[in-house]
Amino acid sequence: MSVKKIWAIICGNLSVCFRTPRFYIAVILVAILFQQMTGPIRTFCAQTGYSVTPWLFPHFMGEHYIQNIFSLGIVLIFCDAPFIKNNTPYVILRTGRRKWLWSQIGYIVVNSFLYCAALYMVSLLLVLPYLTIDGGWGKVIGTLAQTNAFYQIGTIRMDYQLIVGFEPWQAMFLSMAMGVAVCTFIGLLMMCVNLFGHIYLGPVAGAAVAFTPYLADIFSDMYAGYYVAPPAWMEITMLGKNSLSPYPTVQYAVLFLAGGIFLFICCAHWKFRRQVIEVMSTEG
């Protein structure tokens with residue numbers, strides 16, 4: 001399997017993605033919600049004279065409505081998976097079905113990371129000029145986690161359990177890793193559904209996953225709904241540390257996502273080997 005050819009196709013897909021508005025719309029939708037949270041924080045910084053550290057992202061991703069819009073953004077980006085375009089039959093003839101399919105899988109992983117990285121950068125840009133680089137949580141996040149100042153200024157409460165349970169870099173790494181894994185899971189799910197069914201069924205399946213945190217809150221008894229709500233796992237402190245917790249454990253979340261991703265890849269590979277390529281335009 002030629003890694004160079006696969007990477008070339010991934011780069012081509014990224015080029016197409018960044019020439020169309022879907023990626024930017026997805027980022028802007030989440031950025032609007034981030035702005036509603038960071039506006040009061042900037043005001044708080046101006047009033048107190050303190051600056052905020054670059055660790056807001058893990059706290060923001062703990063909110064269910066952020067998880068929902070975040071997941072719907074990735075549905076928008078990957079809605080046409082496996083990204084069959086006018087020149088796809090020619091590319092497949094040159095590279096082979098297997099390499100082409102692996103390039104689409106790689107594209108989903110890479111673009112999932114870029115989406116999460118872009119949103120992290122947005123969370124930094126929105127607190128300028130009150131951003132300071134510090135390895136600790138800082139006074140602003142600490143105050144908003146331990147007092148009712150968050151209520152007075154009109155923003156979300158920072159997660160106190162996140163502050164006492166994790167170092168900032170640990171929380172950031174886990175939040176980003178879980179975000180990339182959830183995006184990859186949703187992207188591969190949509191690719192599988194699109195391959196086995198109609199091209200518009202994939203986004204429906206992806207949107208259903210995006211709404212699972214809400215459904216878990218509303219309809220679930222005994223926390224059972226959270227065991228099938230991957231976007232909710234981006235709230236790091238929700239994941240249980242041992243089997244005594246009523247919530248899913250970190251090990252469960254990792255195995256669920258890894259198992260789902262593996263299953264989707266196997267199904268996509270089996271189906272695509274027998275698939276008749278129907279050309280469609282995904283430009284614009």
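Reply: A cavity is a set of points, on a 1 Å grid over the protein atoms alone, where a 1.4 Å probe fits but cannot get out. Its volume is the space filled by probe spheres set on the points, which are joined across faces, edges and corners. The model above is predicted, so local features need pLDDT of at least 70 and side-chain atom pairs count only at pLDDT 80 or more, whereas totals for chains, interfaces and linings use all residues. Residues are numbered from 1 along each chain as its sequence is written, and side-chain values use heavy atoms, with hydrogens and water left out.

Me: How many cavities of 30 Å³ or more does the structure contain? How much space lies in the largest cavity?

Reply: Two cavities of 30 Å³ or more are counted, and the largest holds about 90 Å³ of space. Its lining, meaning residues with an atom within 4 Å of a point, comprises 11 residues, and those closest to the centre are Val 16, Arg 22, Asp 80, Phe 83 and Tyr 107. Helix α1 (residues 3-18) supplies the largest share of this lining, three residues. Helices here are DSSP runs of H or I, at least four residues long, numbered from the N terminus. By residue class, the lining divides into five nonpolar, three polar and three charged residues. In that scheme Ala, Val, Leu, Ile, Met, Phe, Trp, Tyr, Cys and Pro are nonpolar, Asp, Glu, Lys and Arg are charged, and the others, Gly among them, are polar.

Me: Which residues line the second largest cavity?

Reply: The second largest cavity contains about 40 Å³ of space. Pro 58, His 59, Gly 62, Asp 159, Leu 162, Met 234, Glu 235, Ile 236 and Thr 237 form its lining. Four of these residues are nonpolar, three are polar and two are charged.

Me: Where is Thr 155 found, and what does Thr 155 touch?

Reply: Thr 155 lies in the loop between α8 and α9 and is buried, at 12% relative accessible area. Leaving out residues up to four places away in sequence, Thr 155 has contacts (heavy atoms within 4.5 Å) with Met 37, Pro 40, Ile 41, Leu 144 and Phe 150. Thr 95, in helix α5 (residues 88-95), is likewise buried, with a relative accessibility of 15%. Beyond its neighbours within four places in sequence, Thr 95 is in contact with Ile 9 and Trp 100.

Me: Is Trp 169 buried or exposed?

Reply: Trp 169 is exposed, with 55% relative accessible area, and belongs to helix α10 (residues 168-196). From Asn 13 it is separated by 156 residues in sequence and by 31 Å in space, C-alpha to C-alpha.

Me: How is a pair of aromatic rings read, and how many aromatic pairs does the structure hold?

Reply: A pair of aromatic rings is described by the distance of the centres and the angle of the planes. Rings of Phe, Tyr and Trp (its six-membered ring) pair if their centres lie within 6.5 Å; planes under 30 degrees apart are stacked, over 60 edge-to-face, and the rest tilted. The structure holds 18 aromatic pairs. One of them joins Phe 18 and Phe 23: the ring centres are 5.1 Å apart and the planes stand at 85 degrees, so the pair is edge-to-face. Phe 18 is partly exposed at 32% relative accessibility, whereas Phe 23 is buried at 7%. Ring pairs also link Phe 185, Tyr 227, Trp 233, Tyr 252, Phe 256 and Phe 264 into a cluster.

Me: How many disulfides does a search of the whole structure find?

Reply: A disulfide is a pair of cysteine sulfur atoms within 2.5 Å, and the search finds zero. For Cys 266, the nearest cysteine sulfur is that of Cys 267, 6.9 Å away. The sulfur of Cys 267 has its closest cysteine sulfur in Cys 192, at 5.0 Å, which is too far for a bond. Cys 266 is partly exposed, at 35% relative accessibility, and Cys 267 is partly exposed at 27%.

Me: Which residues does a cis peptide bond join?

Reply: Most residues other than glycine have a negative phi, and most peptide bonds are trans. A cis bond joins Ala 81 and Pro 82, with omega about 10 degrees; Pro 82 sits in the loop between α4 (64-77) and α5. Another cis bond joins Leu 128 and Pro 129, with omega about 5 degrees, and Pro 129 is in the loop between α6 (97-125) and α7.

Terms used. Buried means under 20% relative accessible area, exposed over 50%, partly exposed in between (1.4 Å probe, protein chains only). On a 1 Å grid over the protein atoms alone, a cavity is a set of points where a 1.4 Å probe fits but cannot get out, and a pocket is an open set with protein on both sides within 12 Å along at least five of seven lines; lining residues have an atom within 4 Å of a point. Helices (H or I, at least four residues) and strands (E, at least two) are DSSP runs, numbered from the N terminus.
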